Structures are given as structure tokens and as C-alpha cells.
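Please walk through the structure below with the text alongside.

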Amino acid sequence: MGVVGRQKQPQSIGEDRSPGLSRRDLLQRGALLGAGVLAAPLLAACGGGSTVGLTATSASASTQPAATSGSGSGSTSGTGGTSATPETSASASPSAEQTSGQPKKGGTLKWYLPDDPPDLDPQMQTTSSLQWVLGMCYNGLLRYNVGPGNGPESEAAATPVPDLALKYENVDELTYVFHLRQGVKFHDGTDLTAEDVAFSLNRIRTDSPEFQRAYAFAPVDSVEATTPDSVTIKLKEPYAALINEIAAAYTRIAPKHVIDEKGDMKQVIVGTGPFKLKSYQRGQQMVLERNDDYFEPDIPYLDSIEIAIMPDNSSQLAAFNSHAIDIYQPANSSQLDTMKKVNPDIVVTEYAPMGLNGIGCNTQVKPFDDVRVRQALWYAIDQQKIIDIVYAGHGSKQRAVPATYAGWVVPYDQLPMSDAPNIDKAKALLKEAGYENGFKVKCKSVYRYSQKEATVAAQLFKAIGVDMEIVDMEYGAFLTARNNGDFDLIAFALAPFGDISDFTAALYGTQASRNYGHWGDADLDALLEKGDKELDVDKRKAIYADIQKMLAEKCWVIDFPEDKLFDAVHPYVKGFVSAQNPERGLGFWHVWLDK
Amino acid sequence: MRTYVLRRITLIIPTIFLVSIVVFALIRAIPGDVVTLMLQDSKDPQQAEQLRQQLGLDKPVVVQYGIWLGHALQGDLGTSLWTKNSVVGEISRALPVTLELAIISMLIASLLAIPFGLISALMQNRFPDYLVRIISITGLSIPNFWLGTLLIMLPAIWFRWSPPTTYVSIFADPVQNLKQFMLPSLALGYGFSAITMRLMRSETLEVMRQDYIRTAQAKGLASRALVIRHILRNALIPVITVMGAQARLFLGGAVLIEQIFLLPGLGRLTLWAIQVRDYPQLQANILIIVIITLLLNLLTDLSYGWLDPRVRLA
């Protein structure tokens, strides 16, 4: 499929700049698809012909089929994934630092969300507050193997494992058959059927703006319940990302009869997940309680989760300090200092928020149509200074694509113009472009996206005579200005999608839906198209290296470095995965309280 | 008297009508619309158009207003664009919270302002007077949201205590409810007490210099009776007027305080409606606020007559 013109519905990114998802392994596996030898990551047994199965987790929760093919290293070649062995994975046993001892059942976890989800429908919106809640209440056909020990940035976490589907067959490159787990019940006591699954997948791809994930299934031709326990997906064209999209937490299975009755599921939660909705007072509190009928034995450990809706940051901090909530995220380093003074024993995890921050140049506006001017701005940026000043030293240099795409990312110093900051070169470039004396420019910004970084950048630009004024905007007004291309410069942030092509094409494809500043050109489009069709992983990586080099050189976006944030939990919270990624869902399936 | 009240109440109707037009136009005039916020990162114009149609926002603003007015006259203020809940339902949940906050804050403000203002005047230019003046000028200078932030941060750091995170109605659990309202009411009430405290002081000083007070003193009236019956009562008249006029400010102050202290009140609902451009919700909230303000003004006017026989005669 043509990637350049692909219209993306975005994942909204919250104030926490919740990161997106890395699907690099899947991509490698996906590459095999065209050759008809798709090796599913979880396959335990190779079926005959082109049929490949996933093994069931079956009755034992601790025996997860582990990914052994394709997921090991970033350099796995396109032919490496044809065999795999079942393996006992550690996914159900919590990680070392978070756990000592046997999980205890019971207790109530106190947690918070900064805002209410807009509504509760599992198949429409991608808002992060909604994903956090629904991730604990619904299942998909597959899910990513996030769990204690498998943090969101680990290879294992990027591996799909069975969820409602025990296995799937890849009959031919256009046909997938998913075999469902038996005996699964929705929260209202009804049985999960193949009809529910087919209905849900078809509903997600409804062509209406309310269904923000429809784009992910654009290449799907039909979804049908072919037998009582199997669902067949037929594609219009080979689609490497299908398994990723199925495993993404957004692809949730909801009961057909509830939607038939109510029209939508905006007010109710009826899933198959480990927690069900007990009560919800908008703007105040949501209470989830254990689903005793959940198909995975012993899961969840918690009796209930109380989620307070807390928009104000100081009250979140106060509540964490006073143990009114058990988890605080994300924290910056100065907040951590206070927290540690009050409660020295809190457990802190560092993570990269995985988003991309930068100043976007509007190439329709002079002088930013001139690549030399953009390059001059880049040469004036000292990423280390931004790390030191804004991130208090917690961060690392990055360019072009977020570090999420580990294995695909070209290291900073191997990209063009990695000798920044270089004021002399910057001045020379400006002079060449005819702006020897610099210029004045306004940069639109909003508090939640990289405004602080832009403020430092404004100081740095002074060295080359560029007088950048930061315009502080209200969020809604900012979005309108950004989406309409109504800016000269704009300080913004974006969460990545799953596959590296999703990110680069959606932002830099000349027709793409997130291309706010008329970025990209015909050369880049050609590269993106080529990268989307290339099924050999190594060759594809080479193409993406070229793309990153081009992005670094063209400077459509002046990149800010990657920052580091922290999760803080009280020490009695065990089995917590710092899953800063609502796309993975999960949340608190394996959390237990040691108190 | 009755005609006066009726006339005032009747005047509320055209005021509301005018306000509804202004609000309808203003909320649509500010940059950034609900469709952009709903679509977030996508700038696809086709999707935006489709969504605009679904929400009924593709029609001219005048037509939209006509539709809204027609429904409003039948008592239907519409449903939220985001939650699809009835906006009246949302308000009926939020309003009691704000009213409780306003009433407790008002109580705190009066309990601080009236006795302190009185003492300050009676002991003019002595230590208690200076102290009260320092307290009141501090209250005037500190923004309530900053005080609120301190009130929530410091107990958490010092005593590991924070107010409950979840609102509970006063009828369900009075103790929990008051725990939650204590700090926000203090943050809000202190600022308001400062203005009243200063006014109370100056009014008392004014009254103390009146001839009738000197006469009362001369005929040997006990000082307690003098203060309570003659000074306090007369000094209170302008103070109550000002407090009445200030009462509507609680609605504005509540916006930030409710946000900080996690109270699901009208202020927070209104702020949210502005942020996400939920036009029907905002429209309804502002109407309610206008009605409350107009009623408060009316009550204040009526209280003049009740407190001051001179006004009643006129």
C-alpha cells in the first residue's frame, strides 16, 4: 500500500507525552509474510504448508509461549524466523526489583488519572486516559507481552502473545484465521463468540471520524465469523502490520449484543478483562473491581482499583506524598527530590517518554523555505544545554526519529550535521541565504509541548542573530494553528505510532495527515514508498537509515533531545510495570500489594 | 415592594437572552474549535467536515443559535458534545458542590472579618489593630490559587496528610465532606475576609465618631450594649452590601480552587467546557452563573431595606 498518502488517525498524546509503541520485531516477522513463511513469534509448532499456529497459554498462566524467533536482536535477518520452540516465559513472575515473595491477593490500589476519558467506548477514541482504563477491562485477539520483567522498552514487550485468540493461521498472504479461546465470558456473564469478534473488528474499521483506528485496518477486505470459534480476516493486499494492529491495545473485543442494544458503549464497560467497572462518577472517581470469571487463573491479584480524577499537579503530588495514591507518574527530577524527602523509601523507575519534541519550520513561509536557514537554526541548537537546563541532566541527544524504534535508529553522531552546535557554520549558512543580520520570528507554543525547550532554543538562537519570540497559546487554539499550518515556527511534540514507517510517513509524507509544516519532498516520498514495500528487514533498515539522514539534513523539524522521566511507587506496590504506554494496555494486571 | 421584586425578576429574562447571544458568539469566535480538539493530531479536512456535520456545527451560527434557542425555550439546554450527557444533568451534579464551597467560604470570611474588623477598630492603633491590618493586607495580596497550592502541598510534606481525593456529598458522609471542603474554603474565604475585614474596620471607626454614639456614651450605656446594639448593627449595613456583591466572585474564585482541590463543581465544569470547546455545556453553565449573579444582586438590594429602615421608607 502506498504509505505516502496514507491518512493517519493519530494517537492523541496526553500531557504526559505518553509514548507510543515499538513494533520492530513484528516488522521483521512481517517481512516474512510476503514469502509465505510467516513465522509467528509465538509459534510453538509449525503447521503444514503455510499454516503457522500460535500456542495456547492454555490452563497454566505461567507457561507463556515465548518469542524466540525474530525478536532476539535487531539484526535478525529475514529468514531467521522459521522455527521456534515453546518456552516457559517469566511473564507472570514479577521482576526482581519490584518483587520479593509470592504475590498476595486482595487490597485496593489507589491511583489517579489527570482527566476523565471523553467516553468509555472501547472502539472509537484513542485518548490516553481512556486507554489506561480500558486496557484493564478488555482483551484483544492478541496482546503485547508487557509484564513485570518485560518493561515497555524491552524486546519481549514488543512481542504479541495470545489473548482471546489462542492461535492464528496464515492461510495465504491475504487470509488470516484466528482461533478463539473457549469459555471466555464478558462481564455481564454472556459467552464470547466469534460473532462478537467479527462484529468488533468490523466496527473498529467503520469509516467515520469517531472511529479513530479505522485507518489501521484500511487494507482489510472482510472479517467474518467462519465457525463458532474462528474468525477469518481477508485482506485486499498484503499487509505486514496486520498482526501489530491486532495486538495493539486499541483493537478490543466488545459484546455485539450490548452495542446492538445501546447503539454504542460510551456509558458502559462490558469487556472480558481482569477488571470490571464498579462505579464511575464523572470528574471524581472510577472504581474497577476484580473480574472473578477472568480466564487467566489467579489474575488479577487486586480486589479493586480506585481511580481518582485529579487534574491538578500539586494535588497529585500531595496525594502521593500522603499515601492517598500509590503511584505517581510521570515525575521530573525536582518533583522526585521532594517526594524522596517525604517518603525516602519510594521505588523509582526511569524511562524515556519516547515522543519527539522539536521546532517545526513552516516551509511555505520565508525564510524557512530555504534549507540553509533551517540548517543554521539546527547548528545553533545545543542539545546538551537543553538536557542540562530543562531536563536537569536526564536526557540524551536524538534526531529524526524517537528512540522508541531501537534497532532502526541511526545513532546521533552518524547522522549529518552531528557537529552541532556550530555557531560559525550557522552564521555562514545564514549569510549564504542572505540573512547575515539574522531575522525576527515568532514561535507558537503551548505549555504541555516543549515550551521550556523552545525557551532555551530562543536564547541559543540569539547567538546567530535570530530573535525568536515564544508565543504562548491555549491548547485548543494551538491545535488549530498547528493543523492549519498557521505558524512560522512551532514548538510541538508527537507520540510515535507503532512502526517506524507510521511515524515518518505520517509526519513527513507530503500528503500525510500530520505534516503540519509542508515538510518532505518527492525524494523523501520515493524513499518512504520504497521502505514500505521492502520486505527484507536489512534492506528496509538501510532505506530507513537513508530516510533519517535525509531528515537530519533537511531540518524540517529542529529536533530537541530526548528527556527522561520517572515513575514513583510506594514500596508496597509490587509487580508494577512502568508501562508508559496506553497502547499496550495492561496497566495493573499483575500488580499486588505487600501490606 | 412586590411590584419592585416582580419587575426585577422580569428584567432577568432579557438579560439572560442577551447574555446567551454574547456567549454563543464569543465561544465560537475564540480560536480552536471542538472538531480540532476531537480529531487531535489529524489535519484531514474531510474528516473535520464529516465530524462538523455529525455535531450539527456545519450550519451558520445564526441557524445554530435559533435551534439552540428553540430547544432552550422548551427547557432543553442540550447535551454535551463530548460526554453526550444532558448539560442540565451535569450542572445539577456540579452546582451543589460550588454552592457548598461558596457558603462555607462565606461563613469563614464572615467569621474572620466581622470580629477582627470590629476589634481592630475598637483598639485602633494598638497592637491587635496592627495585627489585624497585617492579616488583612496579606489576604488581599495573596492570590487564592497560590494559597490553595500551599495549603495542599505543605501538610503533605510536613504531616503526610492531604485532603480526600474523591468528593463525597455532605449528606452521604459529613465528616469526609468537611475534611475536603476545609482547605479550599479557607483558601477562598481568607481572601474575601480581607476585603470585608478592612471595610468592617473603617465602617466601625466611622460609626464610632457619630453623634448618637457620643450621646449613648454620655447617658452611660454599658459598653457591651453600645458596641453590639449601636456600633455593630450600623457598621454592618455597608459590609453586608459589599459581601452580597462579592458573593458572585466566589463563582469565579471557585474555578481555580475547585481544580486544585479536586472538587467537581461548576467552576471546574466550566473550565473544562472552555478547554474542550463544549459549546452547549458552556452555554448552559454561563446561563446558570448569570442567573445566580442576578438573583444575588436582587437579594442584596432587598437586604438594604431589611437592614436599614431608612431605605425601606424610601
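How close do the axes of helix H13 (residues 500–508) of chain A and helix H14 (residues 522–533) of chain A come, and at what angle do they cross? In this predicted model, the two axes come within 11 Å and cross at roughly 155°. An angle over 145 degrees counts as roughly antiparallel, and H13(A) and H14(A) are therefore roughly antiparallel to each other. The crossing of H13(A) past H14(A) is left-handed. H13(A) contributes Ser501(A), Thr504(A), Ala505(A) and Tyr508(A) to the contact, while H14(A) contributes Leu524(A), Leu528(A), Gly531(A) and Asp532(A). Sorted by class, the residues of this contact are four nonpolar, three polar and one charged.

Confidence should be read next to the geometry. The model scores ipTM 0.78 and pTM 0.76. Chain A has a mean pLDDT of 78, with 79% of its residues at 70 or more. Over residues 1–99 of chain A the pLDDT is below 50, and this stretch has 263 contacts in the model beyond near neighbours in sequence. For chain B the mean pLDDT is 86, and 98% of its residues reach 70 or more. Within chain B, confidence is highest in helix H6 (residues 127–141), at a mean of 92, and lowest in helix H13 (residues 309–313), at 63.

Chain B is built with 13 helices and zero strands. Its C-alpha atoms fill a box of roughly 85 × 60 × 35 Å along the principal axes. Of its 314 residues, 37% are buried. Taking the contacts in chain B between residues at least 6 apart in sequence, 72% join residues at least 24 apart.

Where the two chains meet, 42 residues come from chain A and 37 residues from chain B. On the side of chain A that touches chain B, the elements giving two or more residues are helix H6 (313–321), helix H7 (333–342) and helix H12 (475–483) of chain A. By class, that side of chain A has 18 nonpolar, 17 polar and seven charged residues.

Some backbone details remain. Most residues other than glycine have a negative phi, and most peptide bonds are trans. In chain A, the peptide bond joining Ile299(A) and Pro300(A) is cis, with omega about -5°. Pro300(A) sits in the loop between strand E9 (285–290) and strand E10 (304–309) of chain A. Another cis bond runs from Ala420(A) to Pro421(A), with omega near 0°; Pro421(A) is in the loop between strand E14 (395–396) and helix H10 (423–433) of chain A.

In chain B, Arg160(B) has a positive phi, near 50°, and lies in the loop between helix H7 (144–159) and helix H8 (174–208) of chain B. Leu262(B) also has a positive phi, near 60°, and is found in the loop between helix H10 (223–260) and helix H11 (266–275) of chain B. Are these residues buried or partly exposed? Leu262(B) counts as buried, because 28 C-beta neighbours lie inside 10 Å.

Terms used
Residues numbered from 1 in each chain as written. Chains lettered and ligands numbered in written order. Predicted model: local features only at pLDDT ≥ 70, side-chain atom pairs only at ≥ 80, totals over all residues. Helix = DSSP H or I, 4+ residues; strand = E, 2+ residues; numbered from the N terminus. Buried ≥ 20, exposed ≤ 12 C-beta atoms within 10 Å, placed from the backbone. Contact = placed C-beta atoms within 7 Å. Nonpolar A, V, L, I, M, F, W, Y, C, P; charged D, E, K, R; others polar. Axes fitted to C-alpha atoms, helices over the stretch in contact; angles between N-to-C directions. Parallel < 35°, antiparallel > 145°, perpendicular 65-115°, else oblique. Left-handed = near helix turned anticlockwise from the far one by under 90°. pLDDT = per-residue confidence, 0-100.
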